[in-house]
Amino acid sequence: MQPRSANTITEIVANAQQKLREIKEVQLFGGDALNLKDFRQIFTMPGGITKDYCWRVTMTPTEPDFTMPIDTITKPNAPNQFGYMKTERVPKTDGTFEWLVFGSQFDFDPNQDTLFRVVYSGEATFQVTNLA
Amino acid sequence: MRGNNDLVQQLREVLQDIDELKTAQLVGTNQIVAKPYATTDAYDRQFSITAPFQSIGSSVKAIRIDVTPTDLPPGNILLSDIVPELRYTNGVGVSNWTGSAIDLNTFFFLVQIDSEQDAQNSYILGIVAPTNTVMRLKVHIMANATVGFSLTEMN
């Protein structure tokens, strides 16, 4: 059997190194820690108007087998603001994740801003649609 | 000319890269695998809402949902995302949003509570509706392990 030349071995090792580097760069989760991402959106209910508001937030995984919401945070986006919007999870069967973000505003209220934040693993795109 | 030490060094670097990739991570062994779970049943629990709430004619129901993994390696953290699907017995879905306004008579909320156990996530599903309303609950779960769940009616 013909022995491999040194150059061939060097090339094989170099290729392996390159592939490993590529894996480490593009992998969704780092070697030592979990690499989470977040999506943030601020929803504003203008002051001086009595009205119910609702937005739909859709999260579409681009890596479905490795993508899931870890946590959802909804809170006032100002320290001196009491009211904020609430959320509801919407059952889906198409592999997407969906939230309704809704709230009531009254004409005697000032502007109310709500920070909506989803922490998730994997890869996903988000779409926000105003329903009312 | 390349010496033997160069090859050994290169192989060591390759091995180190592999080890870094395989180092135990915060969650799961190699990476998070998101596994969806739901029973094959049309719904998991049917219940009546009868416990008095804040006003006459309005009642509340609280259901505890415990999510437990079946194959999570010891020491790992269970991540779970659950979506409660509520329907009336005629199949119509229940939502806080009527389509044009917030429903003030029928609404529900989900909060995560301390499960007091490792590798278990627990939630309280609260539902307010007109007294004697009958609903059906189906639980949808996405988790980083194969899971099961149990339901406990708190009232």
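User: Which residues touch the most other members of the largest nonpolar core?
Analyst: This is a predicted model: local features need pLDDT of at least 70, side-chain atom pairs count only at pLDDT 80 or more, and totals for chains, interfaces and linings use all residues. A nonpolar core is a set of buried Ala, Val, Leu, Ile, Met, Phe, Trp, Tyr and Cys residues joined through C-beta atoms within 7 Å. Buried means 20 or more other C-beta atoms within 10 Å of the residue's own (exposed: 12 or fewer; partly exposed: in between; C-beta atoms are placed from the backbone). The core has 43 residues, and those touching the most other members are A:Val101, B:Ile65, B:Val67, B:Ile127, B:Ile141 and B:Ala143.

User: Which strand gives the most to this core?
Analyst: Strands (E, at least two residues) and helices (H or I, at least four) are DSSP runs, numbered from the N terminus. Residues count from 1 along each chain as its sequence is written, while chains are lettered from A and ligands numbered from 1 in the order in which they are written. Six core residues come from one strand of chain B, residues 133–143. That strand is β8.

User: Which residues does B:Ile141 touch beyond four places in sequence?
Analyst: Two residues are in contact if their C-beta atoms, placed from the backbone, lie within 7 Å. Leave out residues up to four places away, and B:Ile141 touches B:Tyr37, B:Ala38, B:Val67, B:Ser80, B:Ile82, B:Val147 and B:Phe149.

User: How many helices and strands does chain A have?
Analyst: Along the sequence, chain A reads α-β-β-β-β-β-β-β. The count is one helix and seven strands.

User: What is the strand order in the open sheet of chain A?
Analyst: Two strands pair if DSSP finds at least two bridges between them. This sheet has three strands with antiparallel pairing, in the order β1-β6-β3.

User: Which strands are its edges?
Analyst: An edge strand here pairs on one side only. The edges in chain A are β1 (37–45) and β3 (68–76).

User: How many bridges join β3(A) to β6(A)?
Analyst: The two strands run antiparallel, with β6(A) covering residues 112–121. A:Thr72 stands opposite A:Val118 in β6(A). The number of bridges is eight.

User: Why does A:Thr114 count as buried?
Analyst: A:Thr114 is found in strand β6 of chain A. Its contacts beyond four places in sequence include A:Ile42, A:Phe43, A:Tyr84 and A:Gly103. A:Thr114 counts as buried because its C-beta neighbours inside 10 Å number 25.

User: How many bridges pair β2(A) with β5(A)?
Analyst: Strand β2 (residues 51–61) and strand β5 (residues 97–105) pair in the antiparallel sense. A:Thr58 stands opposite A:Glu98 in β5(A). The bridge count is nine.

User: Which residue in the turn between β4(A) and β5(A) has a positive phi?
Analyst: β4(A), residues 86–90, pairs with β5(A) antiparallel over five bridges. In β5(A), the bridge partner of A:Arg89 is A:Trp99. The two strands form a hairpin with six residues between them. The residue with a positive phi, about 90°, is A:Gly95.

User: Which element of chain B has the lowest mean pLDDT?
Analyst: pLDDT is the predictor's confidence in each residue, from 0 to 100. Chain B has a mean of 87. Among its elements, strand β2 (residues 45–49) has the highest mean, 97. The lowest, 72, belongs to helix α1.

User: What ipTM does the predictor give the complex?
Analyst: The pTM is 0.77. The ipTM is 0.75.
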